[in-house]
Amino acid sequence: MEHRQKILAIFYDLTNAFGTVCVPILLRKFELNGVRGVALDWLRSSLTRRTQVVKMTQRVGKWERTVYSSEVSVVRGTPQGGVLSPSLFVGGVCDMLLYVLIGFTVNYADDTFSLISAAYNEQLYQNARLSADMLQHFCEAYNDMW
């Protein structure tokens with residue numbers, strides 16, 4: 001940031017971020033970045049062919065009734081609560097910084113922030129709007145990839 005510049009920080013929280021990861025794109029990005037062999041096979045096996053079931057339990061007095069939904073395939077997202085999920089998400093959106101060309105943008109898991117600087121308020125707000133538009137464009141393009 002230049003001396004005597006005004007600085008504006010924009011903080012983003014990407015909603016349901018881990019659930020939006022496109023597994024085929026994520027695996028391809030890891031492969032393009034040199035992850036191969038056993039490591040890629042391990043990632044593939046832990047991210048594909050996953051299913052989920054919803055369990056509902058109703059208690060009335062001493063009686064209990066449990067109902068299960070039918071099994072559904074999970075085709076996107078990282079495992080809920082997985083220790084690697086934040087890192088996998090970052091691997092999926094690592095090229096986000098190529099889209100946001102104004103300011104200084106950092107992302108950690110699903111939290112992203114941009115620092116924008118300019119000499120004058122009008123320029124600062126214009127740069128902030130452009131930066132936000134670029135991030136929105138990335139998110140829309142990422143969702144449209146599959």
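**Salt bridges, a nonpolar patch and a pocket**

Modeller: The model is predicted, and I begin with a residue that bears on its surface. Leu84 sits in the loop that runs between strand S5 (72-74) and helix H3 (85-92). With a relative accessibility of 38%, Leu84 is classed as partly exposed. Together with Trp42 and Val83, Leu84 makes a nonpolar surface patch of about 360 Å².

I turn now to the salt bridges, of which the model has 5. One of them joins the side chains of Lys29 and Asp95, with an N to O distance of 2.9 Å. Lys29 belongs to helix H1 (residues 23-32), while Asp95 is in the loop between H3 and helix H4 (96-99), so this pair ties together parts that lie 66 residues apart in sequence. Lys29 is buried, because its relative accessible area of 13% falls under the 20% cut-off.

Another salt bridge is formed by the side chains of Glu64 and Arg59, at 2.8 Å from N to O. Here Glu64 counts as partly exposed, at 49% relative accessibility. Arg59, at 63%, counts as exposed, because the cut-off for that class is over 50%.

A further salt bridge links Asp133 with Arg129, whose closest N and O atoms are 2.6 Å apart. Both residues lie in helix H5 (residues 121-144), and their separation of 4 residues is about one turn of the helix. Asp133 is partly exposed, with 33% relative accessible area, and Arg129 is likewise partly exposed, at 48%.

S2 gives the most, with 3 residues. Sorted by class, the lining of the largest pocket comprises 10 polar, 5 nonpolar and 3 charged residues.

Conventions: Residues numbered from 1 in each chain as written. Predicted model: local features only at pLDDT ≥ 70, side-chain atom pairs only at ≥ 80, totals over all residues. Heavy atoms only, no water. Patch = residues over 30% accessible without salt bridge, like charges linked within 9 Å, V, L, I, M, F, W, Y side chains within 5 Å. Areas by Shrake-Rupley, 256 points an atom, 1.4 Å probe, with all protein chains shown as cover. Salt bridge = Lys/Arg side-chain N within 4 Å of Asp/Glu carboxyl O. Helix = DSSP H or I, 4+ residues; strand = E, 2+ residues; numbered from the N terminus. Buried < 20%, exposed > 50% of the residue type's maximum accessible area, 1.4 Å probe, protein only. Nonpolar A, V, L, I, M, F, W, Y, C, P; charged D, E, K, R; others polar.
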